[in-house]
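Reader: I have a structure to look at and some questions about how its parts meet. Could we go through them one at a time?

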Amino acid sequence: MPDLWVKHCGISHTGSFKDLGMTVLVSQVNRLRSAPLNRPIAGVGCASTGDTSAALSAYCAAAGIPAIVFLPTDRISLAQLVQPIANGATVLSLDTDFDGCMRLIREVTAELPIYLANSLNSLRLEGQKTAAIEILQQFDWEVPDWIIVPGGNLGNIYAFYKGFEMCRELELVDRVPRLVCAQAANANPLYLYYKSGWADFKPMVAADTFASAIQIGDPVSIDRAVFALKATDGIVEEATEEELMDAMSLADRTGMFACPHTGVALAALFKLRERGVIKTNDRTIVVSTAHGLKFSQSKVAYHSKEIANMACQYANPPVNVKANFGAVMDVLKKKLDGKLCL
Ligand SMILES: *Cc1c(COP(=O)(O)O)cnc(C)c1O
């Protein structure tokens with residue numbers, strides 16, 4: 001039996017694992033702004049591929065702190081766009097990609113008293129690393145062999161390393177798992193760097209991917225990610241659009257409702273299993289990073305076979321039937337052919 005587990009981090013307040021780090025960051029900003037410190041912080045800002053801004057806006061709204069979010073126009077899901085809008089954040093929709101938003105927010109926060117909440121901020125990483133500790137606890141401190149995490153800006157792959165390494169230092173465990181960072185082939189600067197034997201890092205312009213939360217060409221935490229991968233004998237794998245959508249849809253057939261990023265991680269798993277890198281009996285944890293409901297648009301496109309150059313082999317479109325008994329019976333008999341005992 002394969003020893004395969006999916007750690008669902010998307011069942012959280014705003015529907016992605018970004019909540020883990022953002023609670024820590026916003027709590028600290030709240031402390032800084034309050035007596036006795038009374039720091040003149042006017043608000044908290046971030047550039048986002050959707051989930052970071054959702055988490056920031058929710059916790060800032062709860063704390064009464066203004067949130068300012070920079071989002072790339074048309075590159076995030078509708079659900080992710082409406083989250084900060086509903087929570088009352090100042091939402092700037094910018095005609096650029098995530099990397100462009102990131103450059104702008106860094107310039108702006110250098111001029112204005114806005115606290116920068118992107119994951120180069122170590123408070124975020126301190127919160128994100130709790131997922132690693134929780135995994136170990138859930139396995140009774142038995143260390144899994146592999147952890148597969150989808151990566152974009154690459155703060156999280158490092159955060160997982162930090163969590164595992166902390167537990168090793170505290171002697172709760174005696175080793176750390178091997179990390180796999182899974183990237184979309186359309187946004188794969190880390191993968192190419194890995195393939196070059198860590199010789200040559202080139203930032204890129206990321207192409208569109210259904211895994212929109214990791215559509216990043218110039219990851220802020222590149223050095224930390226490389227450190228984490230080297231320290232854990234890690235691997236970087238990539239997934240094409242078809243591979244990630246198929247993997248996501250196959251997972252859904254088991255009762256999950258995975259997001260496309262989880263699809264990237266699952267596709268990486270399939271490839272590594274096929275190549276024999278991950279053995280059947282290796283205990284492997286795939287990190288599911290967001291709730292599938294945030295990405296229903298792409299799921300609908302897949303199941304309607306509306307995606308150009310994609311076979312959508314697991315598509316399950318609804319059947320349009322006339323609302324009369326005969327028509328319904330015809331469809332069901334055909335569908336259940338041989339499985340009906342009439
Ligand atoms: C942020 C995010 C990731 C990747 O995390 P990074 O730290 O940017 O590498 C993966 N999946 C989802 C859903 C995310 O929101």
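Reader: Which residue forms a salt bridge with Asp51?

Author: This is a predicted model, and the answer is computed from its atoms. A salt bridge here needs a side-chain nitrogen of Lys or Arg within 4 Å of a carboxyl oxygen of Asp or Glu. For Asp51, the closest N and O atoms of the pair are 2.6 Å apart. The partner of Asp51 is Lys294.

Reader: Into which domains is the protein chain divided?

Author: Domain 1 is made of two stretches, 4–11 and 127–299. Domain 2 covers 18–124. The chain is therefore divided, by an automatic or database assignment, into domain 1 (4–11 + 127–299) and domain 2 (18–124).

Reader: How many salt bridges does the rule find across the interface of domain 1 and domain 2?

Author: The structure as a whole holds 13 salt bridges. Across the interface of domain 1 and domain 2, the number found is one.

Reader: How many residue pairs are in polar contact across the interface of domain 1 and domain 2?

Author: On the domain 1 side, α5 (122–128), α6 (130–138) and α7 (155–169) each supply at least two of the residues that touch domain 2. The residues of that side divide into seven nonpolar, eleven polar and four charged. Counting pairs in polar contact across the interface, with both residues at pLDDT 80 or more, gives twelve.

Reader: What is the area buried between domain 1 and domain 2?

Author: The size of an interface is often given as the accessible area lost when the parts come together. Here 22 residues of domain 1 are in contact with 22 residues of domain 2, and the centres of the domains are 24 Å apart over C-alpha atoms. In domain 1, the residues that lose the most area to domain 2 are Gln128, Val220 and Lys294, together 30% of what that side buries. Carbon and sulfur atoms give 45% of the buried area, which is about 1800 Å².

Reader: Which parts does the salt bridge of Glu126 and Lys162 tie together?

Author: The side chains of Glu126 and Lys162 meet at 2.5 Å, N to O.

Reader: Which residue has a side-chain N or O atom 2.6 Å from an oxygen atom of the ligand?

Author: There are 15 residues around the ligand, and Lys18, Asp51, Gly152, Leu154 and Thr289 come nearest. Gly152 uses a backbone N or O atom, 2.7 Å from a ligand oxygen. Thr289 has a polar side-chain atom 2.8 Å from a ligand nitrogen. The residue asked for, with its side-chain atom at 2.6 Å from a ligand oxygen, is Lys18.

Reader: Where is Pro36 found?

Author: Pro36 is joined to Ala35 by a cis peptide bond, with omega about 5°. The place of Pro36 is the loop between α1 (18–33) and β2 (43–47).

Key
Residues numbered from 1 in each chain as written. Predicted model: local features only at pLDDT ≥ 70, side-chain atom pairs only at ≥ 80, totals over all residues. Heavy atoms only, no water. Contact = heavy atoms within 4.5 Å. Buried area = accessible area lost by both parts, 1.4 Å probe. Polar contact = N/O pair within 3.5 Å; in protein donor to acceptor, adjacent residues only side chain to side chain. Helix = DSSP H or I, 4+ residues; strand = E, 2+ residues; numbered from the N terminus. Nonpolar A, V, L, I, M, F, W, Y, C, P; charged D, E, K, R; others polar. Near = heavy atom within 4 Å.
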